[in-house]
Each structure stands twice: as C-alpha cells, then as structure tokens.
Amino acid sequence: MSGLVTGDAVVLGLPSARLPSRALAVLIDLVVVWAGYLLVTIGLTFATASLDEAAAMAVSIACFLLVLVGAPIAVETLSHGRSLGKLACGLRVVRDDGGPIRFRHALVRGAMGVVEILMTFGVVACIASLVSERGRRLGDVFAGTLVVRERVPAARALAVPPPPPWLVGRFAGLDLSAVPEGLWLEIRQYLRRARELDPFVGRRLAERLADELVARTGTPPPPGVPADAYLAGVVAERQARDARKAFSSSGEGVPGVVVPAVAAPAVVAPVVVPTVVPPVVPSGVPAEEEAGRPRATGFAPPA
C-alpha cells in the first residue's frame with residue numbers, strides 16, 4: 001500500500017501496481033500502437049509513392065513520432081491516466097498526491113518511455129520497476145506519477161467466531177446497556193482477525209478490550225476465563241439479545257426454539273331436545289270427532 005498524502009493531509013492507501021500487471025498493460029498498449037502504426041505506414045507508403053526519398057523519410061519520422069509517441073501521450077491525457085492496456089488490467093496513472101495527471105505528466109512519461117521501453121525493449125523499465133519500492137519506472141520518477149490498481153478485490157467478510165461451549169449462557173445477567181457501539185465494533189474486529197495477529201500482540205489487545213468492557217459493565221470475568229474467550233462470550237450474549245428483540249418485535253419465534261402448539265378447544269354440537277306440540281283443534285269441532293270416534297249423544301239405540 002502506497003502512503004499517498006493529499007492536500008488535506010489525509011493518507012491514501014492506494015495499492016501500487018507491480019511489474020507483472022504493468023508489463024501486461026504495456027504489452028497490450030504496444031500491440032495496439034504497433035498495429036495502428038503499421039496500418040498508417042502502409043497507407044502513407046501508397047500516398048507518398050511520388051515523393052522523393054528525403055520527403056518520404058520525413059513523413060516516416062513524423063508518423064513514428066505521432067503514432068508511437070504522440071498517441072499514447074494523448075490517450076493518457078484525455079483518459080486521465082488510463083490507456084487501453086491499463087484499463088484492461090485495472091490500472092491507472094495518478095500524481096504523487098493522488099490526483100489525476102495532466103498533459104505535462106503524460107509528456108514526460110511518454111518521452112522517457114521512448115528510451116526505457118522502445119529503444120531498450122523494456123529492460124531499463126523492468127530494472128527500475130524492480131528496484132523502486134513502489135514499482136515506478138524512470139518516467140514515473142521524473143514526472144512525479146505513480147501507477148496504482150483501481151480494481152482491488154473485496155475483502156471477504158469474516159464471521160465472529162463462537163465462544164467456547166462452556167461459556168454459553170454464562171453472561172445472561174450482564175448489563176450491556178453502557179457499552180458503546182465503538183467498543184463493540186473494536187471487539188468484533190479483533191475476534192475476526194485474532195488468528196492473523198501475533199500471539200503476544202493479540203493477547204495484549206484482548207486484555208485491553210476486556211478491561212474496557214469490564215469498566216463499562218462493572219462485572220469482572222469469571223476466574224480462569226481468558227480475555228479472548230470472555231470477549232467472545234459477551235459478544236455472543238449481545239447477539240442473542242439482539243436476535244430475541246428483533247424476533248419478538250416482528251412477532252416471530254427465535255430460530256432454534258420450538259414453541260409447543262396449544263390444542264384448540266373442541267366444538268361441542270348443541271343437543272336439540274324435541275318439543276312435543278299438541279295438535280291444533282279447529283274451533284267448533286269436538287275433540288272426539290277430530291280423533292275419529294263418534295260423538296256421544298246420551299241416547300241408547302233402540303233394540
């Protein structure tokens with residue numbers, strides 16, 4: 001990483017390009033420039049067939065300077081340091097302060113490139129790039145420029161390692177309300193990069209973070225618990241609380257917790273008791289006739 005300083009005294013961490021990527025970019029540019037130079041030369045050969053030898057030589061020199069020297073300078077000036085090869089390799093030419101290059105920077109680089117690359121077949125440029133700390137050739141040194149990589153691979157997101165199993169649930173009653181977010185961020189970054197640190201440096205950093213965490217919570221770690229394990233256990237407890245809060249506010253259950261289902265009460269059908277309704281007798285009709293029996297008159301029939 002190159003330590004470039006802007007006008008506001010801000011250090012820029014720009015990854016400087018090294019020899020393999022720069023050589024590939026120069027090779028692509030040379031192929032394109034030489035192909036264009038050959039096409040232009042063939043066209044000028046037919047166009048200047050009627051000229052004398054001196055005039056034809058002057059046209060050839062002018063063609064060489066314009067195509068092989070002037071074209072790269074114009075491309076770098078107009079594209080702010082990105083030629084076709086650099087664009088394909090993800091490189092860019094910038095000033096020492098990180099700003100875009102101008103015509104004078106491209107002119108010095110192009111003039112020195114004739115000596116470094118074209119006349120010596122790139123030997124001088126390779127030696128200078130290998131010797132330089134930031135991979136700069138002589139053209140970059142005289143022009144005050146630097147070739148940096150624009151396409152930097154994204155860092156892989158690392159998960160916070162889980163605490164030891166015997167620490168799970170040990171910090172359930174810990175008060176974490178006074179711990180600021182900046183301290184949580186430092187602890188998570190340490191836990192993600194703990195394996196990449198020097199053991200002595202990592203242990204000192206874990207102890208410092210554990211002391212700050214104890215000062216915020218007011219509760220020391222259990223006896224015999226290392227500082228890194230203590231930090232991992234507290235972070236796991238914080239994440240568990242955040243998960244419970246998030247799922248409780250959304251009305252869903254916490255993953256991994258099975259809630260027993262409550263059986264719905266059985267629906268009992270109502271019992272219908274039949275009601276006996278007496279028959280309706282029309283008015284003026286005796287009940288005996290309605291029932292099919294003869295009406296009693298009170299007189300005995302003759303013998």
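Which residues form a nonpolar patch on the surface? Select V108, L138, V141 and F142: together they have about 340 Å² of accessible area (Shrake-Rupley method, 1.4 Å probe, with only the protein chains shown as cover for residues). Patch members have over 30% relative accessible area and no salt bridge, and nonpolar side chains (Val, Leu, Ile, Met, Phe, Trp, Tyr) are joined within 5 Å; a salt bridge puts a side-chain nitrogen of Lys or Arg within 4 Å of a carboxyl oxygen of Asp or Glu.

Before moving on, note that this is a predicted model, where local features need pLDDT of at least 70, side-chain atom pairs count only at pLDDT 80 or more, and totals for chains, interfaces and linings use all residues. Residues are numbered from 1 along each chain, and side-chain values use heavy atoms, without hydrogens and water.

Now colour helix 6 (residues 138-143), which gives the most to the patch, with 3 residues. V108 sits in helix 4 (residues 103-119). Helices are DSSP runs (H or I, at least four residues), numbered from the N terminus.

Next, go to W34 and Y37, 3 residues apart in helix 1 (residues 19-47) and so separated by about one helical turn. Y37 is buried at 15% relative accessible area (buried is under 20%, exposed over 50%, partly exposed in between). The rings of Y37 and F64 have centres 6.2 Å apart and planes at 85 degrees, so they are edge-to-face (centres within 6.5 Å, planes over 60 degrees apart).

Finally, select E237 in helix 9 (residues 227-250). E237 is buried, at 9%. Beyond its neighbours within four places in sequence, E237 contacts F171, A172 and R244 (heavy atoms within 4.5 Å).

Methods. Patches are made of residues with over 30% relative accessible area and no salt bridge: like charges are joined within 9 Å, nonpolar side chains (Val, Leu, Ile, Met, Phe, Trp, Tyr) within 5 Å. Helices (H or I, at least four residues) and strands (E, at least two) are DSSP runs, numbered from the N terminus. Buried means under 20% relative accessible area, exposed over 50%, partly exposed in between (1.4 Å probe, protein chains only). Rings of Phe, Tyr and Trp (its six-membered ring) pair if their centres lie within 6.5 Å; planes under 30 degrees apart count as stacked, over 60 as edge-to-face and the rest as tilted.
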